[in-house]
Amino acid sequence: MSDKMINIAWMYPDTLFLHGERGNIMALVRYAMELGLTPHVRRIDLGTEDFDPMEYDIIFYGPGEISSFRAVMEDIAGYARPIAEYIASGKVLIATGTTMSLFGEKITRFSPDAEDGRGEVIDGLCMIPAESFEREYVYGNDLDIRAEYNGYSMELIGNQIQMTDIHFSESEGYQRFGSVIYGRGNNGTDGIEGVVHNNSLFTNMLGPMLICNPWLTVRILRTAAEIKGIEVEAQDPEYKLEIKSLGLKKKFIEEKQNNQEK
Amino acid sequence: MSSRTTRALLTGKIGNRVIDIIDKKRGTNWAGRQAMKIDPELISHITGIDPAKVLFITGTNGKSSVTNMVTHILRSRGFKVVSNVEGANLITGVAAALVKEASLDGRINADYCVFETDERYLYKIREQLSCDNLLVTNLEKDQVQRNGDPDFVYRKIARVVDRFGMKLFLNGDEPRSCSLADRTDRAVFYSVDKHDASFTKDDTFVTMPCPKCHRSIRFDYYNNDGMGSFRCENCGYTNHNGADSADYTATDADFTARKFCVNGTEFPMPYDQPYMLYNYAAAACACKELAGVTEEESAAALADFVLLEGRIETLEYKGNHIKYIRFKQENPETLQNFINVVAADPEEKTVVIGIGTVEDYDPYYINSFYTFDCDFSRLKDANVRKFIFTTDTIAYDAANSFIYGGADPGKIEILPVSDEEKILEAIAAEGCSNVYLTIKLHTFEGMKEFARKEK
């Protein structure tokens with residue numbers, strides 16, 4: 001086994017299957033190799049019995065359908081304590097899109113038949129101080145944020161397809177992942193996007209965000225390597241295509257903002 | 001009939017006439033919208049409709065094609081059919097089609113009503129128009145900005161089935177829509193057998209959650225993205241909801257001879273894209289179940305079937321033969337179909353890909369998600385001379401996704417513009433006469449217009 005091995009757990013890929021998140025695993029693999037690391041990806045499906053979080057350096061959860069949340073929650077409950085220890089140890093967990101809600105305190109589903117629109121309540125994992133409410137209507141848009149991760153500040157552009165609004169207040173050990181430049185973020189009111197706790201990040205940004213923002217991908221990999229005690233000698237790769245792409249997207253977003261102001 | 005309904009009918013008829021003068025082929029909700037402003041319950045006031053002879057066709061992909069096909073087959077058999085074949089599939093589109101055929105006293109004189117229905121408007125339409133038959137083509141990732149996830153649409157359709165108890169015609173090879181069978185004791189399945197264009201994907205790709213237990217669905221092979229031989233290893237859910245076989249199965253597909261069979265009867269294949277097999281099987285199923293049209297009669301009718309939209313269009317420009325394939329940017333299936341069509345052509349070719357912003361709803365946004373659900377591996381041996389990526393928003397992301405998918409970066413040209421003239425110039429400069437193009441329809445229309453002026 002390589003002494004530069006980075007073990008990546010791809011959680012429930014067929015259940016948390018929305019929005020092309022496979023791309024994020026491909027980005028982790030590509031940039032791990034560019035940094036001289038040896039990535040190893042294992043799919044963890046619902047019902048996988050020998051999953052031990054501490055065997056991994058990065059654990060990735062993509063977004064899935066809310067209808068699958070109970071099944072996912074039941075599975076995670078089987079290793080809730082080890083996953084909490086994993087996060088506490090400073091290892092990297094990434095949860096994107098609606099899956100961020102699972103790690104909060106509770107999720108209130110929308111009910112068209114209830115007067116206040118509030119229906120079934122699903123208990124969360126209580127690993128971040130956040131509460132989620134399913135929206136009556138989906139909110140889909142671009143998301144441009146100034147993110148902070150492990151001491152680095154960077155601009156990220158991606159998307160959010162918001163099925164739940166999330167309410168989170170910063171407290172010791174629990175910071176915002178980013179501040180919203182354009183888009184909705186957690187709930188469209190407080191300018192906060194996502195949550196960072198230790199080195200684990202929970203974000204509404206979804207789709208191939210690690211492909212489009214490789215400067216974050218490389219920070220994540222360097223963090224995972226550092227926690228594992230692997231020295232990474234390689235310089236950061238060049239991001240020629242991605243920087244050009246960021247420029248096109250910023251221009252598009254600016255034009256949208258200008259049109260909104262008119 | 002109330003005077004309000006009469007006024008609504010007259011308004012709708014005049015509106016339809018106006019639209020006919022402007023553009024006969026244009027599917028429109030406009031006339032129906034004007035009529036329903038006057039009488040919001042207009043559809044329920046139209047008489048002479050037998051619910052047993054009404055069919056709604058819904059789903060993510062293929063509903064326009066199947067609606068066109070079913071209507072064509074029934075009309076070929078001499079039936080009078082009211083349909084929204086032009087594709088206006090909201091409640092106002094259905095109203096416009098009914099108003100067009102209704103007499104001034106609001107009576108429909110037709111043998112069958114066949115309506116393409118938007119998944120989200122199905123409940124509203126069914127509330128006003130009694131219908132005993134529902135065909136669901138498939139339910140897949142699509143239009144996330146309004147649907148969020150496929151289960152959202154499933155719940156919309158399930159609500160209709162639960163309340164109104166319809167007979168269902170279901171794609172037995174697509175797990176999500178097939179599972180609607182649990183909600184009725186009147187489900188009929190159609191299916192497609194494995195054929196030469198069937199394919200597999202390795203486990204670096206995602207499939208989907210089992211609609212019954214949420215664990216992994218495994219596909220032994222795909223006939224089309226998201227459809228094929230499937231099973232859930234946890235709960236045992238499998239094709240045609242566990243029945244040994246589908247009621248209607250397309251078999252023996254021969255894409256060279258352009259023919260296939262349904263339940264042993266040979267059919268012509270007017271359009272030879274593999275995904276069309278599901279549409280043919282669906283149409284044969286619906287026509288027999290609804291109107292007793294035999295497979296032989298459907299096969300005969302299909303020989304002269306012409307699809308109003310969706311086929312491969314061609315454009316000649318400076319000696320280049322450009323084959324245009326429409327794709328829906330908000331789901332992976334149509335891009336995968338494009339890739340499969342390109343890969344099936346052994347000749348040297350230029351491939352032009354114009355993934356752009358999604359402009360269905362406000363706010364417009366950037367979405368290149370689904371390139372990562374697609375399998376580009378067959379393009380490696382597809383004799384592609386050059387990939388050209390265009391659009392002034394996503395050209396670099398789209399190119400990057402193909403590089404991740406294994407495309408040779410040396411064969412990639414990025415043209416970050418959406419200008420029709422520049423795209424045509426780039427195609428001409430490449431000098432390969434065999435060109436495949438997928439891009440937004442309005443950009444292609446602009447390219448056609450520019451090429452016409454250049455002649």
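**View 1. Two parallel strands sit side by side in chain B.** Strand 14 (residues 349-354) and strand 17 (residues 384-390) of chain B run parallel and are joined by five bridges. Helices (H or I, at least four residues) and strands (E, at least two) are DSSP runs, numbered from the N terminus. Val352(B) has Ile388(B), in strand 17 of chain B, as its bridge partner. This is a predicted model: local features need pLDDT of at least 70, side-chain atom pairs count only at pLDDT 80 or more, and totals for chains, interfaces and linings use all residues. Residues are numbered from 1 along each chain as its sequence is written, while chains are lettered from A and ligands numbered from 1 in the order in which they are written.

**View 2. Six strands of chain B form an open sheet.** Their order is 12-13-19-14-17-18, and the pairing is mixed. Two strands pair if DSSP finds at least two bridges between them. Strand 12 (313-317) and strand 18 (412-415) of chain B stand at the edges. Each has a single partner strand, so one side of each is left without a neighbour in the sheet. From one strand to the next, the twist averages 20 degrees. Helix 13 (residues 395-404) of chain B lies across strands 14, 17 and 18 of chain B. Helix 13 runs at about 165 degrees to strand 18 of chain B. Axes are lines fitted to C-alpha atoms, for helices over the stretch in contact, and angles run from 0 to 180 degrees between N-to-C directions.

**View 3. Helix 5 of chain B is largely enclosed by the rest of the structure.** Nine of its eleven residues are buried. A residue is buried if 20 or more other C-beta atoms lie within 10 Å of its own, exposed if 12 or fewer, and partly exposed in between; C-beta atoms are placed from the backbone. The buried residues include Ile91(B), Val94(B) and Leu98(B). Among the elements that the buried residues pack against are helix 1 (3-22), helix 2 (30-38) and strand 3 of chain B.

**View 4. Asn109(B) lies in a loop of chain B.** The loop runs between helix 5 (91-101) and strand 3 (112-116). Asn109(B) counts as exposed because it has 10 C-beta neighbours inside 10 Å. Leaving aside neighbours within four places in sequence, Asn109(B) is in contact with Gly48(B) and Ser103(B). Two residues are in contact if their C-beta atoms, placed from the backbone, lie within 7 Å.

**View 5. Helix 6 of chain A has a buried side and an exposed face.** This helix (residues 240-261) has 22 residues. From first C-alpha to last it reaches 32 Å, close to the 32 Å expected at 1.5 Å a residue. The expected span is 1.5 Å times one less than the number of residues. Its buried residues include Leu241(A), Ser245(A) and Phe252(A). The face turned away carries exposed residues, among them Lys240(A), Gly247(A) and Glu261(A).

**View 6. Chain A touches chain B.** The contact takes 36 residues from chain A and 38 residues from chain B. Helix 6 of chain A gives the most to chain A's side, with seven residues.
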